[in-house]
Amino acid sequence: MSEERTTKKQNDDSPKGEMSFLDHLEILRWHIIRSSAAILIFAIAAFVLKSFIFDVVILSPRMPDFWTNRMFAKLGDLVGSEAVKINQVPLKMQSIKIAGQFSTHIMVSIIAGFIMSSPVVFYEFWRFIKPALYPNERKHAGGAVFFTSVLFLTGILFGYFLIVPLSIHFLGTYQVSSEVENTINLRSYIGSVTSISLAAGVVFLIPIFSYFLSKVGLLTPQFMKTYRRHAYIAMLLLSAVITPPDIFSQVMVCFPLVFLYEIGIMISRHVVKKREKEMEAM
């Protein structure tokens, strides 16, 4: 049966017969080239828009007038707690290398280029794996690029607007002694902002990972349920580390992660049941 499906697939998608390994590498090379070109174009745009990228985007979460910081300040006034207020005093920044600001400018431009071009990158990846899917699989996965892009960008926004300000407040104000003053290195600050935002973007892809890993049989809903408590504990620990010492902030960060994990279980269950029905039909 598998040989018949393979033969049929080759007849449908590759009229010239089965492609060699080098042919696949050649196709992959062009997908990588197009993705790299898209990243480069957006990176150049980000490089030119230096003032907006740094003053408005990168450096804003440390300022009191940043949207998240203003909302926490209002919440602190509402509940009568100063502990809820975050980033009310801007962090002091410094660059200690002569080429530090220029190299940082290039690094940030490349990262911004990747984020802005991520839908194109996901689309090129989808075009590469699409021929390996059967018509019914393509039909059900037709919105993969759209949902992957939306989840990834939503995760980045979630990390940037919520986790980043909370992390800056906690890490930037933490002191082992009152004799030690925090003067943050620019590269360290930007590394934290970008890594947290990108990590949040990847975490928001949990439903996508669940779908494809369940599709190839590497993940099951039973496995995710078995280790659900472990996952919850890990999420709570992460939330406790990066948020101020109040339960409200911890829950606000942890809840979306728990929600995505549960969505992943539902997706995995759906994929596994569908695969079992296909096996029975065969």
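Me: A residue counts as buried under 20% relative accessible area, as exposed over 50%, and as partly exposed in between. In this predicted model, why is Arg 34 called partly exposed?

Reply: The relative accessible area of Arg 34 is 33%. That value falls between the limits of 20% and 50%, so Arg 34 is partly exposed.

Me: What makes the pair of Arg 34 and Glu 124 a salt bridge?

Reply: A side-chain nitrogen of Lys or Arg must lie within 4 Å of a carboxyl oxygen of Asp or Glu. The closest N and O atoms of Arg 34 and Glu 124 are 3.2 Å apart, and the pair therefore meets the criterion.

Me: How do you know that this pair links distant parts of the chain?

Reply: Arg 34 belongs to helix α2 (residues 21-48) and Glu 124 to helix α5, and 90 residues separate the two. Arg 127 is joined to both residues in a network of salt bridges.

Me: Does Glu 124 count as buried or exposed, and why?

Reply: Glu 124 has a relative accessibility of 5%. Since this is under 20%, Glu 124 counts as buried.

Me: How many salt bridges does a search of the whole structure find?

Reply: The search finds 7. Among them is the one between Glu 262 and Arg 228, with 3.0 Å from N to O. It ties together parts that are 34 residues apart in sequence, because Glu 262 lies in helix α12 (residues 247-281) and Arg 228 in helix α11 (residues 228-242). Glu 262, at 23% relative accessibility, counts as partly exposed, and Arg 228, at 26%, is also partly exposed.

Me: Why do the side chains of Lys 85 and Glu 82 count as a salt bridge?

Reply: Their N to O distance is 3.2 Å, which is within the 4 Å limit, so the pair qualifies. Lys 85 counts as buried at 15% relative accessibility, because that is under 20%. Glu 82, by contrast, reaches 60%, which is over 50%, and therefore counts as exposed.

Me: What is the relation between the directions of α5 and α8, and why?

Reply: The axes of α5 (residues 100-129) and α8 (residues 186-203) come within 11 Å and cross at roughly 10°. An angle under 35 degrees counts as roughly parallel, so α5 is roughly parallel to α8. On the α5 side the contact includes Met 107, Ile 111 and Phe 114, and on the α8 side Arg 187, Ile 190 and Leu 198. The contact residues comprise 8 nonpolar, 4 polar and 1 charged.

Me: Which residues carry the annotation "transmembrane region", and what is the helix content over residues 102-123?

Reply: The unreviewed UniProt entry gives this annotation to residues 37-59, 102-123, 144-168, 188-214, 226-242 and 248-267. Residues 102-123 are 100% helix and 0% strand, with end C-alpha atoms 32 Å apart. Residues 37-59 are 91% helix and 0% strand, and their end C-alpha atoms lie 27 Å apart.

Me: Why is Ile 86 called buried?

Reply: The relative accessible area of Ile 86 is 0%, which is under 20%, so Ile 86 is buried. Ile 86 is in the loop between α4 and β1. From C-alpha to C-alpha, Ile 86 is 9.8 Å from Ser 167, although 81 residues separate them in sequence.

Key. Residues numbered from 1 in each chain as written. Predicted model: local features only at pLDDT ≥ 70, side-chain atom pairs only at ≥ 80, totals over all residues. Heavy atoms only, no water. UniProt positions renumbered as here; feature names shortened; annotations may be inferred. Helix = DSSP H or I, 4+ residues; strand = E, 2+ residues; numbered from the N terminus. Axes fitted to C-alpha atoms, helices over the stretch in contact; angles between N-to-C directions. Parallel < 35°, antiparallel > 145°, perpendicular 65-115°, else oblique. Contact = heavy atoms within 4.5 Å. Nonpolar A, V, L, I, M, F, W, Y, C, P; charged D, E, K, R; others polar. Buried < 20%, exposed > 50% of the residue type's maximum accessible area, 1.4 Å probe, protein only.
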